[in-house]
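Keep the viewer open while you read.

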Amino acid sequence: MDVWQQFIILLEGVPLTLSISIVSFLIGIVVGLPIAFIRVYEKEVSFVVDAYEKIFRGVPEIVLLLLFYFGLGPAFPSTFGNAFFVAAFVLGLRSGANQSQIYRGAIRGVGDEQMIAGMSIGLSKWRAIWHVMVPQVFNFSTAGLGSEYALLIKDSAYVYVIGLAELMKRAIELKYSANDVVTPFVLSALLYIAITFPIAFWLDRWGNRRKKKLGL
Amino acid sequence: MFEFLFNPMYQTWIVQGLILTVEITLFGVLLGLVLGTVLAIGDIYGSKPVKAAISVYAEFFRGSPLFVQLFLAVYTVPAILNVRVDHAVLAFLVFGLNSAGYQKGYMKGAMETIFDEQMQAGLSVGMSKIQTLRHVILPQAYRIVIPSWTNEFCSLTKSTATLSFVGFMDLVGAGRSILINNMQILPVWIVVGVIYFVWITAFSKVMDIVYEKKKIPGVELIMQ
Amino acid sequence: MEARHIYKTYGSKDALKAREGDAKTCIGAKSVIEAAKDVSLQIRKGDIKLIFGPSGSGKSTFLRCMAMLDIPDKGEIYLGDECLTIPGVDLNKARARIGFVFQHIYLFRHLTALGNVELALRQVFKLSKDEARRRALDALTEVKVTDCVNKYPSQMSGGQAQRVGIARAIARNPDIILLDEPTSALDPELTGEVIDTLRDLAREGKTMLIVSHEMPFAREVAEEMIFYDEGTIVETGPPSLFFNAPNTDRAKKFMTRIINRTTREEMNV
């Protein structure tokens, strides 16, 4: 199999890589953003939230993937038996834990005065958060979010262990089918870089432009 | 459910797996720290081509998954160079090189937080740039960088879980080996997960305490 | 051993790198600031001279050029007989003979007061641990901060920190001490202790070149005052000249403003 053919095979794995990372990222926002605000504004942090963050910081993603897919999969075939579900579940929650850290830093960066200003015009605490804090928090988080998204793209390689035919798995399969240990890995490395590089770059610029516009 | 834990053979696998994981992680972050410092200094003081090379290095190691880099190191590099190299050496190296790519960024950020004023102060008392770097800037940078370094440590540990897929007997590898003969999938992974969790959390806690003691009051790394 | 310290500086068109913060109207505009236009200054051993003038006039930059912390674009700087602006000169050795005190202090944050003063003694002069410690303690005693000897910068007040900065500068027994607005960054109540220290140093006959706004101090201690505005030395003379009847209009305007403000401050106190 020549280089071009291998490249095509690898390229066909990219959509799956991207969809895993995008879905996980969105799950991360949905989970991480509320948790960040809860931890900042509701001081009684429930034990569950704390445990959640600790677990996803302290256990390798691969172990979690193997645990849920092979451990719980047989018992719950439609959810944990589905590789994509498990991938999105594990990476999404992991991302949520990371993103909650990012947002907490951004909340501190935006500052308390904004909250106070919001409440002074009559908004309730949670409405103030939604209308005043959230938009600004996103502005402050672009750098961190950019790197988190790049991280998700790279970590999507982990789902190879549960059998999804994304980029990493295809590269490894080519090692055997094409008996080639050079091309598949070099090409896949370059493909990953090609995907992660622009994102970090654009998010950086977008963040800088918005900050300038707001005079920060 | 957890009877497998009492099997001495499995116990050996688990312990050895943990040892390998710990070894590779520590080697990786420490090599990464040293190399990262060198790269950071090169990035601050180097000529344009040097900076460009460092940039490419960092982009490569931070832009692709460690998983892929591991395959590259263990399979591709020996094939290209046509030499037989001990896989363990390659694996240890690639973790260090990868970590250096990230730590260069952290060290550079830490140094830049204090660089201008402390370099001036150092020069003003007659020290050379190198002396100032060695006695003033780096000592402070190493303290500022501790939280990021701890983060990098956690990250790297989790990445080592890929080792069994290139033929090493790490903790995950122990789990997979146990599962060949054992039908209890969930308990095995729970145990493996718990071991990682304890290791990572304990180490982080220790580093947090170290940071509290060693940190420079009023100076924090400005995350980029 | 009467060494004569002769500084001759001809700094022409010493263009400071762009300071974006200053250009408030055009964001990102790069304005070239001429900090020193053909400036010459001589200071001899035992002299105490004070440079003053409006902010942004380039006084601090000029002072740093004297210490070769900033490199002048054109002109020469001499320390004694040695010319510092020739390429290939060992600047580190030269700077070891110059004591510099920064406006924002810039202590080494990871070292105690003692450590701050000792560092150069050990690394540059290669003194033994004991010898360095002795000299450092002497310097710290001279500036009267012995109670801070083992404290870290974050544990000191601004006044104490700046005095440690002065100790750090004098511990090497430099040929000359340059001070860049030593009190400007301090709270008003703390400036007194620093000024007292400078007065002591003056009385001991140290050679000092100070950039400062502190007019009462200037009147008392400086032998010569130098009015610096927009990159050039406008007028020089003894304090009595400036406080009674400056020659140039610019100096006159500046002095009236300063004296009014100082009188108002003194009246409030």
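Not counting residues up to four places away in sequence, which residues does C:Gly46 touch? The answer is C:Gly205 and C:Thr207. Bear in mind that this is a predicted model.

## Around C:Gly46

To find C:Gly46, go to chain C and look in the loop between β2 (33–36) and β3 (48–52). With 13 other C-beta atoms within 10 Å, C:Gly46 comes out as partly exposed. The cut-offs are what put it there: a residue needs 20 or more such atoms to be buried, and 12 or fewer to be exposed.

## Chains A and B, one by one

Chain A has 9 helices and 0 strands, so its pattern along the sequence reads α-α-α-α-α-α-α-α-α. Its C-alpha atoms fill a box of roughly 70 × 45 × 25 Å along the principal axes. Of its 216 residues, 44% are buried. Take the contacts in chain A between residues at least 6 apart in sequence, and 77% of them join residues at least 24 apart.

Over in chain B you'll find 8 helices and 0 strands, in the order α-α-α-α-α-α-α-α. The C-alpha trace of chain B spans about 70 × 45 × 25 Å along its principal axes. Chain B has 224 residues, and 45% of those count as buried. For chain B contacts with a separation of 6 or more, 76% come from residues 24 or more positions apart.

## Who touches whom

There are 2 pairs of chains in contact, and chains A and B share the most contacts. That contact draws 31 residues from chain A and 30 residues from chain B. On the chain A side, the elements giving two or more residues are α3 (47–58), α4 (61–72), α7 (125–155) and α9 (183–213). The top contributor there is α4(A), with 9 residues. By class, the chain A side splits into 22 nonpolar, 5 polar and 4 charged residues.

What about chain A and chain C? No contact joins them, and their closest C-alpha atoms lie 10 Å apart.

## Helix packing inside chain A

Now for α5 (residues 83–110) of chain A, which packs against α7(A) at an angle of about 145 degrees, with the axes 8 Å apart. The crossing of α5(A) and α7(A) is right-handed. On the α5(A) side, the residues making the contact include A:Leu91, A:Ser95, A:Ile102 and A:Val110. From α7(A), they include A:Met133, A:Phe140, A:Glu148 and A:Asp155. Sorted by class, the contact has 11 nonpolar, 7 polar and 2 charged residues.

How do α3(A) and α5(A) lie relative to each other? Their axes cross at roughly 110 degrees and come within 9 Å. Angles of 65 to 115 degrees count as roughly perpendicular, so that is the label for α3(A) and α5(A). The contact is made by A:Tyr52, A:Glu53, A:Phe56 and A:Arg57 of α3(A), together with A:Leu93, A:Arg94, A:Ala97 and A:Ser100 of α5(A). Those residues divide into 4 nonpolar, 1 polar and 3 charged.

Notes: Residues are numbered from 1 along each chain as its sequence is written. Chains are lettered from A and ligands numbered from 1 in the order in which they are written. This is a predicted model: local features need pLDDT of at least 70, side-chain atom pairs count only at pLDDT 80 or more; totals for chains, interfaces and linings use all residues. Two residues are in contact if their C-beta atoms, placed from the backbone, lie within 7 Å. Helices (H or I, at least four residues) and strands (E, at least two) are DSSP runs, numbered from the N terminus. Ala, Val, Leu, Ile, Met, Phe, Trp, Tyr, Cys and Pro count as nonpolar, Asp, Glu, Lys and Arg as charged, and the others, Gly among them, as polar. Axes are lines fitted to C-alpha atoms, for helices over the stretch in contact, and angles run from 0 to 180 degrees between N-to-C directions. A crossing is left-handed if the near helix is turned anticlockwise from the far one by less than a right angle, and right-handed if clockwise. Angles under 35 degrees count as roughly parallel, over 145 as roughly antiparallel, 65 to 115 as roughly perpendicular and the rest as oblique.
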